[in-house]
Amino acid sequence: MSYVDEVIDLVVKKNPAEPEFHQAVKEVLESLRVVIEANEEKFRKEALLERLTEPERQFKFRVPWVDDNGQVHVNTGYRVQFNSAIGPYKGGLRLHPSVNLGIIKFLGFEQIFKNSLTGLPIGGGKGGSDFDPKGKSDREVMAFCQSFMTELCKYIGADTDVPAGDIGTGAREIGYMFGQYKRIRGLYEGVLTGKGLTYGGSLVRTEATGYGLLYLTEEMLKINGQDIAGKTVVVSGSGNVAIYATEKAQQLGAKVVTVSDSNGWVYDPDGIDVAALKEIKEVNRARLTEYKKYRPNSEYHEGRGVWSVKADIALPCATQNELHLEDAKALVANGCIAVAEGANMPTTMEATEYLQENGVLFAPGKAANAGGVATSALEMSQNSERLSWTFEEVDERLKNIMVNICHNMADAAERYGFKGNYVVGANIAGFEKVVNAMEAQGIV
Ligand SMILES: NC(=O)C1=CN([C@@H]2O[C@H](COP(=O)(O)OP(=O)(O)OC[C@H]3O[C@@H](n4cnc5c(N)ncnc54)[C@H](OP(=O)(O)O)[C@@H]3O)[C@@H](O)[C@H]2O)C=CC1
Ligand SMILES: O=C(O)CCC(=O)C(=O)O
């Protein structure tokens, strides 16, 4: 049996009931086959893949908190410190009822290669809780965040592990967590990114994942002789990534006609009104059913449906496994030319393969959504030098990083004979740096 197959089997056996983690490992290792097989004997002897797929450390802890009626609730908190070969662990905190250890491990594993692709010195980690901030008062969210950080603060620090936002964790949650960290540890340091601008946050971090997604998409199209201006785009999700992806797409001259949430989706033939979307989601924390009040010509539909709308470009920006084989078939039938993943692993493996086989340009999340964590690393740099850079400076750095990632993934794919396969290219480019650093640091 090949080393790759052996390790995939081992990961499934050692981590039962963690399908998302299996999926992420399989997707990465399958596409690295060509590199691994060229060094099989050496990597096997060094147990390189076993080390890469086993987190350096993982924490699971109780998070008790009291609601506004005096009722006590108990959630589970997680932090997986996956790989620190190239820098301090870095990755977001997801607050969503679906969170479990397997989800956090899949996200942490992806983060290793994504962070490597940014070219910045950050290792891979991820955390979160099954707490659902939706429908909770600010006081309840604060109670949860303080309790969560009371435990988490023992394991993190500006030079060891620097969490940030993800699904359900935005500026409000980061603020409450930062306050509690400072209170317990007595340290005013860049221990979290995505902070508010008045206490060490970076300009552009809010916009970074969505903007970065569009910078990479624009470059990928350019490499392939296409222009983003004038294209019709379908976006899923209506959170941080989706909002700023929509905003930048429209700034670049494309028309975004859909957004969605976990209840339903909006079709706006005149192009999504980003100001209305921000007011609904960021200010009022409301549902997309509200959108029609702002745009009477739009349609609201219950359930899923974004991928059935005719478009040139699809940007999945909600969550994992939200774009299935049937959706890929609908996109191809409607003439879609490019899919770029704003979310982490939103496209199933079968859907990805179908899109690639049918000539659709496909940018995997670890490359396409790396702008968020890259800008987090820029926030860490600003915190270290106790300075703040201008919006233009951070935005320009972000754009350069995304353009570089795009070329690096394209070049790596071509180097190994997979021209145009950006899944293979991104995995190889991310892997090479991490492996080099791991080997240099010995058996750890
Ligand atoms: N924020 C960041 O900087 C980065 C985020 N990402 C990834 O991007 C994706 C979106 O994150 P972000 O925008 O920050 O999160 P938000 O919490 O801001 O928004 C998430 C959006 O996705 C929808 N969604 C979440 N879970 C589900 C689900 N199970 N089924 C259907 N819809 C769902 C939400 O709908 P509803 O409100 O109804 O729940 C909401 O519209 C995630 O995969 C995240 O890991 C990747 C890189 C960086
Ligand atoms: O900004 C960060 O540190 C992490 C962002 C994140 O969680 C991700 O890239 O998925």
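Trainee: How many residues of domain 1 are in contact with residues of domain 2?

Mentor: Contact here takes two residues whose C-beta atoms, placed from the backbone, lie within 7 Å. The model is predicted: local features need pLDDT of at least 70, side-chain atom pairs count only at pLDDT 80 or more, and totals for chains, interfaces and linings use all residues. Residues are numbered from 1 along each chain as its sequence is written, while chains are lettered from A and ligands numbered from 1 in the order in which they are written. Against 8 residues of domain 2, domain 1 contributes 9.

Trainee: What classes make up the side of domain 1 that touches domain 2?

Mentor: Ala, Val, Leu, Ile, Met, Phe, Trp, Tyr, Cys and Pro count as nonpolar, Asp, Glu, Lys and Arg as charged, and the others, Gly among them, as polar. On that side of domain 1 the residues divide into 6 nonpolar, 1 polar and 2 charged.

Trainee: Which domains each give at least three residues to the shell around ligand 1?

Mentor: Domain bounds come from an automatic or database domain assignment. A shell residue has its C-beta atom, placed from the backbone, within 6 Å of the ligand. Ligand 1 has 24 such residues, with G239, D261, S262, A343 and G372 the closest. The domains are domain 2 (56-188) and domain 3 (206-368).

Trainee: Which elements give two or more residues to the shell around ligand 2?

Mentor: The surrounding residues include K90, G91, G92, G372, V373 and S376. Helices (H or I, at least four residues) and strands (E, at least two) are DSSP runs, numbered from the N terminus. The elements are β3 (89-95) and α15 (371-385).
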